[in-house]
Amino acid sequence: MNDLASAFATALGLILSLDPGVLAIVSLSLRVSLAALILAALLGLPLGALLAVARFPGRGGVITLMNALMGLPPVVVGLLIYLLLSRSGPLGSLGLLFTPSAMIIAQAVLIAPILAALTRQVLEGMWEEYAEQLRSFGAGPWRAVPTLLWDGRFMLLTVLLAGFGRAAAEVGAVMVVGGNIEGFTRVMTTAIALETSKGDLPLALALGLVLMAIVFGVNALAQGVRGVASRWAG
Amino acid sequence: MRAPESILPLRAEGLGFSAGGVEILRDVALKIEAGAPTLLIGANGAGKSVLLRLLHGLLAPSAGCVFWDCASDKAARHQAMVFQRPVLLRRSVLANTLYPLKLAGLPREACLARAEEALALVGLADRVQDPARRLSVGQQQRLALARAAALQPELLFLDEPSASLDPAATRAVEEIVLTLARRGTKIVMTTHDLAQARRLAGDVVFLHRGRVLEQAPAEAFFQEPATEIARAFLRGELVW
C-alpha cells in the first residue's frame, strides 16, 4: 500500500516536473498515433463512404469482412507488418523495421478498418435520407461521396477520435514492429509494459496517468463534438 | 413568356408501375402543358406520389413511357422537385440553396445572386446563416421551395408540399407556389386537400386506384366531374 502511494507521488512528480524522458515518450506516442490516424483516414473515410452509397454484388460480404477486421488483434497486425518489413520480407529493402515509420504503418493498418466500418455505418443512414433529393438534383452516388463526407463531418470527427484512441492505447503492434528501443521507438504503452516488468512502477504509473488523461480528453472532445453535431443535424 | 425551346408539353403513355408484385399505377396517359398549375388529386394510395416520381425520372416505369418535347438530358436540367418531407442538407440555409446551383455548374456570382433572390422570395433572407435543420417545419418546406426555385426550372414537381403544415405555413407555401406559377414556372403538384386544389389548380388530374380517371380544366372538373367516383370524391365520401 505504501509502495503504491509513494509510486503515485513519484509519478506525479515526474509529470509535473515535465521530466524530459517522459515528455519524449509521450510526444513520440502522439506523433505516431496521429500520423497513423491521418494515413488510415485518407483510406478509411472515402472507402467507408463509397461502401455506404455503392450497390454491387458481394457488398454484404465486404461489409461483414470490414466489421470482422475491426476486431483485429494488434499483436497479429504487428506480426504481419513485421513479416512484410523484415530483412527477408517483400518490403525488407526499405529498412523500415524497428523505426517509427513501421509503427505508423502498423497502427494505420489496425485502425483503417475501424474508420471505414464506422464511416459506412454513419453515412449509410444519411444516404438513405439524401438519395432521392440528390438524384433529383442530378447527383449520382459518386458525386454523393464528398457531399456525405462533408455533411457527416461532426459525426466523422467522433469516428476519428475513436480511431485515435484505439491507436494510442494499443501495445502489441508497436511492440512487435517498433522494438521498444529507448529514445527511438519507445512509446507510452510499450514503456509501461517494460517498466512494469522491470519493477520501475513510478515511471510506468506516470505514463499510465498521461495515457489515461489523453484517452479521457479524447472522449470529452468527442462528447463536445456530438453536441455541436446535433445543432446542425437538427 | 414561354422560351422558344420549351421542354413542354410532357406526355405519358401507357405508364405503369409495379413494386413487389403490387400494381401501383396502370395504363396512365396524360399531357402536361405550360400554363397554370396542374394538380394531381385522389385519395391516399391512389398513386399520386409514384406518378410524380415517374414523371421526374426518380422511378423507372414498368410499362409505358414519358416523353418530353426535347432531349431527355435537357429536360432533366429544367425540372426540379420538392418532397413532402423536405430533405435538407446538414448545412446553413444559404449553403443548402447554393448546393444544386453549384452542381448545375453555374458561375459563383450567379449562384449567390440566385440563392439570395430565392431566399428573399420565401421570406428567409434573414436566416441565411442558420443551420437549415434547425428551422421550423414550415420554414424548412419554404427553404426546400427556395432551393428548387433558385434553379429556375421550367417545370416544378411538388409532392404534397403542405401535407404536414399548419394553416399559416400552408398559406405561405401556396403563396410561393402561385408566385412561381405567375413567373412562368409550370407547377405539377399532388394534394389530397380538395380546398387547396380548388385554390391553385388550372387543370386537374384525378387518380383512383392507380388509374387516371379524368384530366380536365379545374373549373369544369369541380363543377361537373365526368365520373361517378370523382363526384363521390368531391362530395367528400370515402372512395378508395
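Trainee: In which sense do strand β1 of chain B and β2(B) pair, and over how many bridges?

Mentor: Two strands pair if DSSP finds at least two bridges between them; helices (H or I, at least four residues) and strands (E, at least two) are DSSP runs, numbered from the N terminus. Here β1(B), residues 10-19, and β2(B) are antiparallel, over seven bridges. Phe17(B) stands opposite Leu25(B) in β2(B). This is a predicted model: local features need pLDDT of at least 70, side-chain atom pairs count only at pLDDT 80 or more, and totals for chains, interfaces and linings use all residues. Residues are numbered from 1 along each chain as its sequence is written, while chains are lettered from A and ligands numbered from 1 in the order in which they are written.

Trainee: In what order do the three strands of the open sheet in chain B lie?

Mentor: The order is β2-β1-β4, with antiparallel pairing. The edge strands, each pairing on one side only, are β2 (22-32) and β4 (63-67) of chain B.

Trainee: How many residues does each chain bring to the contact?

Mentor: Two residues are in contact if their C-beta atoms, placed from the backbone, lie within 7 Å. Chain B contributes 15 residues and chain A 14 residues. On the chain B side, β5 (79-82) and α3 (93-103) each supply at least two residues.

Trainee: How many helices and strands has chain A?

Mentor: Chain A has 10 helices and zero strands. Its C-alpha atoms fill a box of roughly 70 × 50 × 25 Å, taken along the principal axes.
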